[in-house]
Amino acid sequence: MQRPWTRGLAAVLAVIGLAACGSSPAGPSGSGNSLSTPSNFRIVLQRVFFTSNEVQVAWTGNGNSYRLQAGTAPGLSDLLNTELTGTSYTWAAPRDAGTYYIHVTALRGSETSNTSVALPVYTIDLRHVIDALFFRSGPMADSPANALTNPYAAVWPDGTAIRIRVSEESGQTARANAEIFGNDFAALFGGAVTTTTELTPEDFHATSLSQVPPFTVAMRVLFGFCTTGAIACAYYGPSPVGPDRSIITMNTNGGSDAIAHEVGHAYGFGHVRVSAAVRQELNFLMNPQLVSTQMTEPEKNAIAAARAGGIAPGWRRSDALAAGLVLPFSPSAAANAGPLDASRALDRCTIVEREPGR
């Protein structure tokens, strides 16, 4: 059975278009009284944590209090049923990936208004994000069924000092974006993995991966190296997925928006496939459609949760499953994952496989 959160992008956009205006159903208020149906009902902010999706909603109304309800289908209250006096609320929605619905009703004494429009809430499960980032598997990965191979995690060992060497041809903006990523990653790993970035006159045009020193990332501009249509590509870095080194290649020196994304691959992260149409807060740096220029909060929360859960070099996906960091996988999940993104034609990044003979 297909999960609601894997419906096609067109259906998602249709629902978003209906809900975004925050309008209420036409007609008089409940019981023929002057109590108005709450209007401008909207999601103000959505955040994704390891144990829940935090959804802040707000509305306008003339009630003395309000009944806020949420459920697994429009009109249901099987997940939330609360009464409050304000016109905003933060709901700890389920951690599971799914589509839920929330609505509000105004109250004044014995009077009850009509119910507002039911807003769809699309939730993301950070266990799927961890699966895609560290194991390149699961419903949000390029190849969901990779989970069946029990892949290794791509994680730098504690104490590693990564050196990112950026060709002058790549530019100062590229160096700065790489530095931001490195600093963000170091903070998430408690300083156990550090990064230094530097500009170098070397262009790395003729450099092969085997010529890059261990724990070094070389960044270059080399037109035609990446797959047609991609603006950038990279080798995975940490072993055993990579060779403990990486090369990042941009087709032009104008591809600075892709820099942190490619550094993410050099640090072992896989793609995270999810539509960017739902909410801005649910975007991902590691989306191959390049919708963000630096790590987003959901990614940071996923990485921090994986770190707190003990993820380490040498871990297999089965270790993460035992630690509760990922979810069991079935072949049917692979078929359900396809509609998460609009089209692979929109992908602007490719992964470079290991060099021949390695």
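Predicted model: local features only at pLDDT ≥ 70, side-chain atom pairs only at ≥ 80, totals over all residues.
1. Thr105 stands opposite Thr115, the latter lying in strand 7.

2. A separate element of the fold is an open sheet of three strands, whose order is 1-2-5 and whose pairing is antiparallel. Strand 1 and strand 5 (88-93) are its edge strands, since each pairs on one side only, and the twist from one strand to the next averages 20°. Between strand 1 and strand 2 (residues 53-60) the antiparallel pairing extends over seven bridges, and within it Gln46 has Val55, in strand 2, as its bridge partner.

3. How many residues of helix 2 are buried? For helix 2, residues 126-135, the count is 10 of the 10, so the helix is largely enclosed by the rest of the structure. The buried set takes in charged side chains as defined by residue type, Arg127 and Asp131, together with His128 and residues such as Leu126, Val129, Ile130, Ala132, Leu133, Phe134 and Phe135. The elements against which these buried residues pack are strand 1 (39-48), helix 5 (297-308) and helix 6 (317-322). Just after the helix, Arg136 adopts a positive phi of about 55°.

4. Two packed helices are described by the angle between their axes and the distance between the axes. Here the angle is about 80° and the axes of helix 2 and helix 5 are 9 Å apart, which makes helix 2 roughly perpendicular to helix 5. On the helix 2 side the contact is made by Leu126, Val129, Ile130, Leu133 and Phe134, which meet Pro298, Asn301, Ala302, Ile303, Ala305 and Ala306 in helix 5. By residue class, this contact of helix 2 with helix 5 divides into 10 nonpolar, one polar and no charged. An α-helix has 3.6 residues a turn, so residues three or four places apart point the same way.

5. Turning to the cysteines, the model has a count of one disulfide, and this bond joins Cys226 to Cys233 with an S to S distance of 2.1 Å. The torsion about the S-S bond of Cys226 and Cys233 is about -75°, so the disulfide is left-handed. Both partners are buried, Cys226 at 8% relative accessibility and Cys233 at 1%. Cys349, by contrast, is in no disulfide, and the nearest cysteine sulfur, belonging to Cys233, is 7.4 Å away. Cys349 counts as buried too, with a relative accessibility of 4%.

6. Is Ile162 buried or exposed? Ile162, which has its place in strand 9 (residues 161-167), has a relative accessible area of 1% and is therefore buried, the cut-off being under 20%. Leaving aside residues up to four places away in sequence, Ile162 touches Trp156, Val193, Thr194, Thr195, Thr196, Phe215, Val217 and Tyr267. The C-alpha atom of Ile162 is also separated by 8.6 Å from that of Gly182, a residue 20 places away along the chain.

Definitions and conventions
Residues numbered from 1 in each chain as written. Heavy atoms only, no water. Buried < 20%, exposed > 50% of the residue type's maximum accessible area, 1.4 Å probe, protein only. Helix = DSSP H or I, 4+ residues; strand = E, 2+ residues; numbered from the N terminus. Contact = heavy atoms within 4.5 Å. Axes fitted to C-alpha atoms, helices over the stretch in contact; angles between N-to-C directions. Parallel < 35°, antiparallel > 145°, perpendicular 65-115°, else oblique. Pairing = 2+ DSSP bridges. Disulfide = S-S within 2.5 Å.
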